Amino acid sequence: MDKKKESKEVLAAVPLPRKRMNRPSWDEYFFQIAHQVATRSTCMRRQVGAVLVKDKRLLSTGYNGAPRGISHCIEVGCLRDELKVPSGERHELCRALHAEQNAIAQAALHGVKIEGSTLYCTHQPCSLCAKMIINAGIVEVYFDEGYPDELATGFFAEAGIKLHKIGG
Ligand SMILES: [Zn+2]
Ligand SMILES: [Zn+2]
């Protein structure tokens, strides 16, 4: 018997472990990354993570936090938090950029084209982010947790961007 055939038979006789792997779907995979990205957030109220994906390729990531070189809310305090501004209102009072905005800015900074990409975000984008998402050429948005901003969902519907809620 030739060596090659012999080793093949030996291998076939070895009982290989048939363990079912808990392999995530692509959607789950990118959501897990978005949730991991959110852990870097410096917002005192809500940790948000966003990733931009095209053709199963990760293009850019972002979490909510202050712009580069500017102190974070966790260091100097957040006016929205101090004034107890309700969720979804008066974004301009906070120094932080939103996760979606940071993901778009990071792509611009590194010259990555995000036209036709999909956004996976831990939370539903606000109306400010919705406008940026539309003009950045993002075509689909998946999110986990809702956010009280009906203007945003209206913008997405009007612009023809598919919005999917994943979390319960
Ligand atoms: Zn803040
Ligand atoms: Zn936003």
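In the predicted model, helices α5 and α6 are roughly parallel to each other, because an angle under 35 degrees is classed in this way and their axes cross at roughly 30°. The two axes come within 9 Å, and α5 passes α6 in a left-handed crossing. On the α5 side the contact is formed by E100, Q101 and I104, and on the α6 side by C129, M132 and I133. By residue class, the contact of α5 with α6 comprises four nonpolar residues, one polar and one charged.

Helix α6 (residues 127-135) also packs against helix α7 (residues 150-159), with axes that come within 8 Å and cross at roughly 20°. The pair α6 and α7 is therefore likewise described as roughly parallel. The crossing of α6 with α7 is right-handed, whereas that of α5 with α6 is left-handed. Residues S127, A130, K131 and I134 of α6 meet L151, A152, F155, F156 and A159 of α7. Seven of the residues in the contact of α6 with α7 are nonpolar, one is polar and one is charged.

Burial within α5 was examined next. Residues A99, E100, Q101, N102, A103 and I104 of this helix are buried. Of these, E100, Q101 and I104 also take part in the contact with α6. The elements that cover the buried residues of α5 include the strands β1, β2 (57-63) and β3, together with α6. Just after α5, G111 adopts a positive phi of about 65°.

In soluble globular proteins, nonpolar side chains tend to be buried together. The largest nonpolar core of the model contains 29 residues. Within this core, A34, A50, V51, L119, Y120 and C121 have the most contacts. At least two core residues come from each of α2 (26-38), β1 (49-54), α5 (99-109), β3 (118-123), α6, β4 (140-145) and α7. The greatest contribution is that of α2, which supplies five residues. A separate core of five residues includes C73, C78, A96 and L97.

When neighbours within four places in sequence are left aside, L119 is in contact with A50, L52, E100, I133, I138 and V141. Two of these partners, E100 and I133, belong to the contact between α5 and α6. A50, another partner of L119, is among the core residues with the most contacts.

Most residues other than glycine have a negative phi, and most peptide bonds are trans. In K84, a residue other than glycine, phi is positive, with a value near 55°. K84 lies in the loop between α4 (79-82) and α5. K84 counts as exposed because it has 6 C-beta neighbours inside 10 Å, the cut-off for exposure being 12 or fewer. R90, found in the loop between α4 and α5, is also a non-glycine residue with a positive phi, near 50°. With 11 C-beta neighbours inside 10 Å, R90 is therefore classed as exposed.

Key
Residues numbered from 1 in each chain as written. Chains lettered and ligands numbered in written order. Predicted model: local features only at pLDDT ≥ 70, side-chain atom pairs only at ≥ 80, totals over all residues. Axes fitted to C-alpha atoms, helices over the stretch in contact; angles between N-to-C directions. Helix = DSSP H or I, 4+ residues; strand = E, 2+ residues; numbered from the N terminus. Parallel < 35°, antiparallel > 145°, perpendicular 65-115°, else oblique. Left-handed = near helix turned anticlockwise from the far one by under 90°. Contact = placed C-beta atoms within 7 Å. Nonpolar A, V, L, I, M, F, W, Y, C, P; charged D, E, K, R; others polar. Core = buried A, V, L, I, M, F, W, Y, C linked by C-beta atoms within 7 Å. Buried ≥ 20, exposed ≤ 12 C-beta atoms within 10 Å, placed from the backbone.
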